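Let's take a friendly walk through a protein model, one feature at a time. Keep the picture in view as you read.

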Amino acid sequence: MGPYLTAVSEDLSPEGIQQLGSAFRASKALLSAVELGVFTALADQPLDAAELAERTGIHPRGARDFFDALLALGMLVRTDGRYANTPEADFFLDRRKPSYIGGMAEMQSVSGYRLWSSLTQGLRSGAPQTDAKGDFNRLYEDQSRARRYLQAMTAGSLGSARVIAARFPWQRYQSILDVGTAQGCLPVQVALAHDHLRGGGFDLPAGQPIFEDYVRSFGLTDRLRFFPGDFLADPLPPADVLVLGNILCDLDLTQKSALLAKAHAALPVGGALIVYESIIDDERRHNASALLTSLAMILAKDGAFGFTGADCRRWMHEAGFVDTSVEPLEGPRSMVVGYKRA
């Protein structure tokens, strides 16, 4: 949860309300900086305002105020008139580094920001505010566009994937399958942490070369493979542990239930299912980020919605899972774990 959300929830002062109401300005400054490649341009050496503006294609009229705003927001430092990244910005927002998580910011700058501008209309009509039909086959037709999108999915999943790799009892299992795997962030992190595990990711066939490039970059091609298919239309390949990451929120209730039933059918006796994403707290009063994510899904796609941990546990029980539990991950995200009865 961002600090401005916490502050307003604790103190409804005029200043706090105004800060929240204008928070979009700082957000868009960061999104545009990532989209324009500011942090990548500064990764090699400090630059003055004119040099940085030329390197990033920013007009001189707004360049100085823009760079100084990023400085004031804690994203840049300035010494003797030359700008440089903070250590955190350099590590996470330089496109050339494997630690880059700016893909999600790029996607939000291009599409998410525009979508949220239609929130009022969407709340009044109850209708999605985008023409997108969730057709990922069309998205994958353009490999460069698909690669950007899947990089954004990696950026949004990396923190959770590392926590899941560390906390789940992987020593009990031999294989993993990540359903809707995108680039393969989750299976890569799990495989890096546990040498005995094998498996891979299941996704639409057009995503295979992007998955394989990503897995190859970590030297894991001998342990992780791509399984082509459509998780809404096809049976799921079997594995000891199945993972559904950031998927259920994109589906309507019928699709959610059907996919959980498929997962149960694909697992062996004693196998486990992990569901992870921004999950709303059961009281629906604390996890503002998850509630806003649910609103974004409602704006983006007919029938889609977020859910609480209790909702997910109930659906999993209906599908046949037992011993379900909810565990916090990083930030607003949690995982719900269930087992196929022995």
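## Where two helices cross

At roughly what angle do the axes of helix α8 and helix α11 cross? Before the answer, one reminder: what you see here is a predicted model. Helix α8 covers residues 103-116 and helix α11 covers residues 143-167. Their axes cross at roughly 120 degrees and come within 6 Å. The crossing in which α8 passes α11 is left-handed.

Now find the residues that touch. On the α8 side they are Gly103, Met104 and Met107. On the α11 side you can look for Tyr149, Gln151, Ala152, Met153, Ala155 and Gly156.

The handedness of the crossing of α11 and α12 is right-handed.

From α11, the contact uses Thr154, Ser157, Leu158, Ala161, Arg162, Ile164 and Ala165. From α12, Cys185, Leu186, Gln189, Val190 and Ala193 take part. What is the make-up of the contact of α11 with α12 in nonpolar, polar and charged residues? There are eight nonpolar residues, three polar ones and one charged.

## Rings and charges

Next, turn to the aromatic side chains. The model has nine aromatic pairs. Try to spot Phe66, Phe67 and Tyr83, because ring centres within 6.5 Å count as a pair, and ring pairs link these three residues into a cluster.

Which residue lies over the face of Phe227? That is Arg225, at 4.0 Å from the ring centre. Another ring, that of Phe305, has Lys256 over its face, and here the distance to the ring centre is 3.8 Å.

## Two positive phi angles

Finally, look at the backbone. Arg284 is a residue other than glycine with a positive phi, near 55 degrees. You will find Arg284 in the loop between β8 (272-278) and α15 (288-300).

Asp323 is not a glycine either, yet its phi is positive, at about 50 degrees. Where does Asp323 sit? Its place is in strand β9, which runs over residues 321-328.

Technical notes
Residues numbered from 1 in each chain as written. Predicted model: local features only at pLDDT ≥ 70, side-chain atom pairs only at ≥ 80, totals over all residues. Heavy atoms only, no water. Axes fitted to C-alpha atoms, helices over the stretch in contact; angles between N-to-C directions. Helix = DSSP H or I, 4+ residues; strand = E, 2+ residues; numbered from the N terminus. Left-handed = near helix turned anticlockwise from the far one by under 90°. Contact = heavy atoms within 4.5 Å. Phe/Tyr/Trp six-rings, centres within 6.5 Å; stacked < 30°, edge-to-face > 60°. Lys NZ or Arg CZ within 6 Å of the ring centre and 35° of its normal. Nonpolar A, V, L, I, M, F, W, Y, C, P; charged D, E, K, R; others polar.
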